[in-house]
Amino acid sequence: MPRPGPCRHGGSSGPTDGLFEVDELVVPGAPGDPDVTLVSARPAGVAGPLPALYYLHGGGMIMGNARSVVPQVLRAWALPLELAVVSVEYRLAPHTRYPGPVEDCYAGLVRVAEHAPELGIDADRVVIGGKSAGGGLAAAPARATDLSGLPPAYIEVGSAETFRDEAVAYANAIWQAGGQAELHVWPGAFPHGFDTFAPRAALSRDARAARSAWLGRVLARSGAGPADC
């Protein structure tokens with residue numbers, strides 16, 4: 001069962017200005033693994049169970065942390081879409097070898113789903129998402145042999161991206177398995193994170209708008225699923 005920690009403001013997540021309720025949860029990891037820390041945030045004063053974005057941070061699986069992505073995710077989605085955000089503090093290489101990070105992310109997701117009512121989350125509307133390494137952890141696409149039965153997916157990549165062909169192949173494999181995937185290949189966009197490095201570019205604005213529009217549509221339905229950003 002999740003063990004709520006103290007509500008924390010500031011730190012690497014930045015001030016919330018009273019707009020969000022932020023909590024830190026510690027949940028059991030996979031058998032034999034250490035506990036997993038989750039940073040949970042939701043718009044302040046919003047009653048009832050909310051849809052949730054279970055977010056996995058980027059960083060090449062060697063850096064980054066759960067709190068570093070919270071401010072951007074809250075600004076982009078939590079307020080406009082009235083959703084909760086849970087960010088995962090998964091273990092990093094080289095101290096942790098595969099599949100440690102995947103096990104951490106999955107253990108946290110299971111606990112969030114099992115205790116959704118206590119966390120004020122609608123268990124039928126949970127989206128798994130991430131950028132860069134987080135997108136890979138959300139999907140585990142290279143090793144998947146059967147992509148049938150997956151929930152709707154959102155996949156985006158730049159045309160000059162190192163992983164462009166792999167991202168396109170993943171979307172195509174989902175379609176071939178009868179699943180739903182929305183794929184965007186942004187023309188001329190350099191390696192992932194282009195919208196972070198050039199936030200005012202027209203292409204970055206278009207990418208953010210498309211991402212938000214898809215998230216709004218999928219949250220309007222029950223049974224949300226992976227969003228591999």
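1. Glu156 is buried in this predicted model. Its relative accessible area is 11%. Buried means under 20%, so Glu156 falls in that class. The side chain of Glu156 meets that of Arg211 in a salt bridge, with N to O at 2.4 Å. Glu156 sits in strand β7 (residues 153–158) and Arg211 in helix α7 (residues 202–219), so this pair ties together parts that are 55 residues apart in sequence.

2. Arg211 is buried too, at 7% relative accessibility. Helix α6 covers residues 194–197, so the pair ties helix α6 to helix α7 across 16 residues of sequence. Asp195 counts as buried, with 5% relative accessibility.

3. Look at these residues together. A network of salt bridges links Lys131, Glu156, Asp195 and Arg211. Side chains of opposite charge can pair when their charged atoms come close.

4. Now take Arg91 and Asp104. Their side chains form a salt bridge of 2.8 Å, N to O. Arg91 lies in the loop between β5 (84–89) and α2 (100–114), while Asp104 is in helix α2, so the pair ties together parts that are 13 residues apart in sequence.

5. Is Asp104 buried or exposed? Asp104 counts as buried, at 2% relative accessibility.

How values were computed
Residues numbered from 1 in each chain as written. Predicted model: local features only at pLDDT ≥ 70, side-chain atom pairs only at ≥ 80, totals over all residues. Heavy atoms only, no water. Salt bridge = Lys/Arg side-chain N within 4 Å of Asp/Glu carboxyl O. Helix = DSSP H or I, 4+ residues; strand = E, 2+ residues; numbered from the N terminus. Buried < 20%, exposed > 50% of the residue type's maximum accessible area, 1.4 Å probe, protein only.
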